[in-house]
Amino acid sequence: MPNFQMSVSHQLSEEEVLRRLHKLFQKARIHLSDTISEIQEHWNGNICDLKFSVFGFHISGRLTVKALAIDFEGELPFLALFFKDKIEAVIRWQAAIILD
């Protein structure tokens, strides 16, 4: 599967970003089920191993909360490459909401 990487800058403490991410995953399960579904998260400190479906594509990856950024690296199904920009836009949209 092709790799996918992105980073989103923030100006919050790592603890605050972690709190907001936990809250986002809870809300996403309820309010974004038409776009993002099957969310599975496994936290170890500031690292989250994550699996979810977006637009019907299954994505797995690792989310790392750092002092000034959130890094996401994962794998996309080959067919999802055609929607990579849209998937990235959804992730950035949600990140902007929680980091604002």
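Q: Which elements each supply at least two residues of the lining of the largest pocket?
A: H1 and H2 do. Keep in mind that this is a predicted model.

Q: Where does the largest share of that lining come from?
A: From H1, with 6 residues.

Q: And which residues line the largest pocket?
A: Arg20, Lys23, Leu24, Lys27, Ala28, His31, Leu32, Gln94, Ile97 and Ile98. By class, that lining has 5 nonpolar, 2 polar and 3 charged residues.

Q: How much space lies in there?
A: About 170 Å³ in the largest pocket.

Q: Switching to the fold. In what order do the elements run?
A: From the N terminus, β-α-β-β-β-β-α. The protein chain has 2 helices and 5 strands.

Q: Now the largest nonpolar core. Which residues touch the most other members?
A: Leu21, Phe52 and Phe72, out of 29 residues in that core. Elements giving two or more residues to the core include strand S1 (3-9), strand S5 (69-75) and helix H2 (84-99). H1 gives the most, with 6 residues.

Q: What is Phe52 in contact with, leaving aside its neighbours within four places in sequence?
A: Ile36, Ser37, Glu38, Ile39, Phe57, His58, Ile59 and Phe72.

Q: How much of the protein chain is buried?
A: Buried residues make up 41% of the 100 residues.

Q: Last one. What radius of gyration does the protein chain have?
A: It has 13 Å, which agrees with a compact globule of 100 residues, because that would have a radius of gyration near 13 Å. The C-alpha trace spans about 35 × 25 × 25 Å along its principal axes.

Notes. Residues are numbered from 1 along each chain as its sequence is written. This is a predicted model: local features need pLDDT of at least 70, side-chain atom pairs count only at pLDDT 80 or more; totals for chains, interfaces and linings use all residues. Side-chain values use heavy atoms; hydrogens and water are left out. A nonpolar core is a set of buried Ala, Val, Leu, Ile, Met, Phe, Trp, Tyr and Cys residues joined through side-chain atoms within 4.5 Å. Buried means under 20% relative accessible area, exposed over 50%, partly exposed in between (1.4 Å probe, protein chains only). Helices (H or I, at least four residues) and strands (E, at least two) are DSSP runs, numbered from the N terminus. Contact means heavy atoms within 4.5 Å. On a 1 Å grid over the protein atoms alone, a cavity is a set of points where a 1.4 Å probe fits but cannot get out, and a pocket is an open set with protein on both sides within 12 Å along at least five of seven lines; lining residues have an atom within 4 Å of a point. Grid points are joined across faces, edges and corners, and a volume is the space filled by probe spheres set on the points. Ala, Val, Leu, Ile, Met, Phe, Trp, Tyr, Cys and Pro count as nonpolar, Asp, Glu, Lys and Arg as charged, and the others, Gly among them, as polar. The radius of gyration is taken over C-alpha atoms; the globule rule is 2.2 Å times the number of residues to the power 0.38.
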